[in-house]
Amino acid sequence: MSTDANASEQRVAPPQWRDSKRYLWLWGLFAPTGLFTIGIPLIWGLNQLGWHRLAEVPFWLGPILVYLVIPLADLFFGPDGDNPPDEVMEYLENDKYYRYLTYLYLPFQYASLIFACYIITADNLHWLGFPGGANLFDKIGIAISVGMIGGIGINTAHELGHKKVDLERWLARIALAQSFYGHFYIEHNRGHHVRVATPEDPASARIGETFWAFWPRTVVGSFRSAWHLEKERLHRLGKSPWTLRNDVLNAWAMSVVLWLGLIAVFGIEVLPYLILQAVVGFSLLESVNYLEHYGLVRQKTATGRYERPAPEHSWNSDHIVTNIFLYHLQRHSDHHAYPTRRYQTLRSWDGAPNLPSGYASMILIAYFPPIWRKVMDKRVLAHYSGDVTKANIEPKRRDKVLARYGQEGNR
């Protein structure tokens with residue numbers, strides 16, 4: 001950071017307002033540290049008590065946290081409702097405490113990954129109370145758990161990747177390497193933020209589109225978009241796309257080096273589990289993408305261009321527990337309005353459509369299309385005053401959607 005920037009930070013006087021979540025943000029580090037602080041002590045203790053079957057459950061700490069603990073905590077603790085006032089924004093933005101918390105996620109993320117590889121390949125886990133190595137059930141559980149840590153790490157990469165500090169952009173790429181999803185850095189910043197809530201955006205879900213149909217469309221579409229964006233950028237520089245200056249290729253190279261290193265240390269046996277955890281990680285990201293803009297669309301103006309992104313083009317939630325674990329990602333309208341704004345300064349918008357619960361709860365619902373449609377389609381309709389033709393409709397199911405919710409003639 002430049003001397004001028006440092007001087008600017010020093011000139012900002014501490015405000016009277018205090019962030020009520022300042023130390024709650026430390027809970028965001030529970031996901032990457034949970035295997036060490038909760039999982040391993042619990043496994044050891046249960047084995048010492050002779051409860052060997054129950055001792056296998058903590059290997060599944062990831063899905064237990066994401067699909068059970070956080071949704072229940074959201075219901076119990078309810079909405080956040082704490083928005084920083086205008087006069088503290090500059091001071092809060094420059095408080096480095098918050099960015100250091102995101103930096104800390106990465107070493108714990110990779111410590112969990114390495115430890116999981118050890119558990120998967122170790123022949124002797126006597127020190128944990130098991131008679132030999134982990135069984136298949138345990139290995140799958142810890143791979144899924146570490147994949148979810150990597151998936152939440154993609155959200156950390158999302159936070160860091162929007163910033164102007166070179167270190168943070170590199171940390172974002174490092175966080176993405178575990179899940180082999182480094183092209184997200186390009187597609188999200190230069191693709192999604194330009195095309196958000198339009199039919200052309202692979203990361204904006206459409207009404208009538210299930211998560212299981214959205215998943216292959218967004219995974220393939222995001223890769224194609226990232227490759228096209230980099231190819232165009234390099235073409236303007238007179239370069240071939242087949243170069244390590246291509247940020248898609250150098251991101252994948254980081255993943256290849258990481259995975260080859262883990263295979264060299266732990267053996268080829270670990271490869272299927274590396275693939276499993278990667279799929280779990282980026283699928284967790286895409287499940288969040290699915291719910292963030294479902295059915296919402298920017299209308300075209302008289303010039304034929306899309307209107308600017310506004311609060312009404314993102315689904316928001318302000319449940320405090322998921323807010324803490326996902327660095328205010330749920331305040332998504334503010335993020336699209338101010339992409340470089342740091343998570344601690346994001347605010348909840350009154351004009352934005354709201355989800356009925358936190359992201360963690362909604363992710364689970366998204367896996368079950370009939371329940372998802374029952375919960376969300378009526379909200380999309382209400383948002384457009386009953387006129388479904390104003391929504392972003394899945395083309396392959398357009399006739400069915402119109403037959404269920406309205407007619408083309410309503411337009």
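1. Helices here (H or I, at least four residues) and strands (E, at least two) are DSSP runs, numbered from the N terminus. On that basis, residues 57–77 are 81% helix and 0% strand. The end C-alpha atoms of that span lie 26 Å apart.

2. Basis of the note. This is a predicted model, in which local features need pLDDT of at least 70, side-chain atom pairs count only at pLDDT 80 or more, and totals for chains, interfaces and linings use all residues. Residues are numbered from 1 along each chain as its sequence is written, and side-chain values use heavy atoms, with hydrogens and water left out.

3. Record annotations. An unreviewed UniProt entry places "transmembrane region" at residues 24–45, 57–77, 97–120 and 249–268. UniProt positions are in the numbering used here, feature names are shortened, and annotations may be inferred rather than shown by experiment. Residues 24–45 are 73% helix and 0% strand. Their end C-alpha atoms are 28 Å apart.

4. H193. This residue sits in helix α8 (residues 184–195). Is H193 buried or exposed? H193 is buried, because its relative accessibility is 13%; buried means under 20% relative accessible area, exposed over 50%, partly exposed in between (1.4 Å probe, protein chains only). The H193 side chain makes polar contacts with the side chains of H162 at 3.3 Å and H336 at 3.4 Å. A polar contact is a pair of N or O atoms within 3.5 Å; within protein, one must be able to donate a hydrogen and the other to accept it, and residues adjacent in sequence count only if both atoms are side-chain atoms. Leaving aside residues up to four places away in sequence, H193 touches H162, H188, H335, H336 and P339. Contact means heavy atoms within 4.5 Å.

5. H328. The loop between α12 (320–325) and α13 holds H328. Its relative accessibility is 2%, so H328 counts as buried. Beyond four places in sequence, H328 touches K21, W25, D80, N323, Y343, Q344 and L346.

6. S357. This serine lies in the loop between α13 (332–337) and α14 (359–366). S357 is buried, at 9% relative accessible area. P79 is 278 residues from S357 in sequence, yet the two are 8.8 Å apart in space, C-alpha to C-alpha. A 3.1 Å polar contact links the side chains of S357 and S361.

7. Helix pair. The axes of α9 (residues 211–236) and α10 (residues 247–266) come within 8 Å and cross at roughly 125°. Axes are lines fitted to C-alpha atoms, for helices over the stretch in contact, and angles run from 0 to 180 degrees between N-to-C directions. The two helices are therefore oblique to each other; angles under 35 degrees count as roughly parallel, over 145 as roughly antiparallel, 65 to 115 as roughly perpendicular and the rest as oblique. Contact residues are F223, A226, W227, E230 and R233 of α9 with D247, V248, L249 and W252 of α10.

8. Backbone check. Two residues other than glycine have positive phi: A197 near 60° and S385 near 50°. A197 lies in the loop between α8 and α9 and is buried at 0% relative accessibility. S385 lies in the loop between α15 (369–383) and α16 (398–405) and is exposed, with a relative accessible area of 70%.
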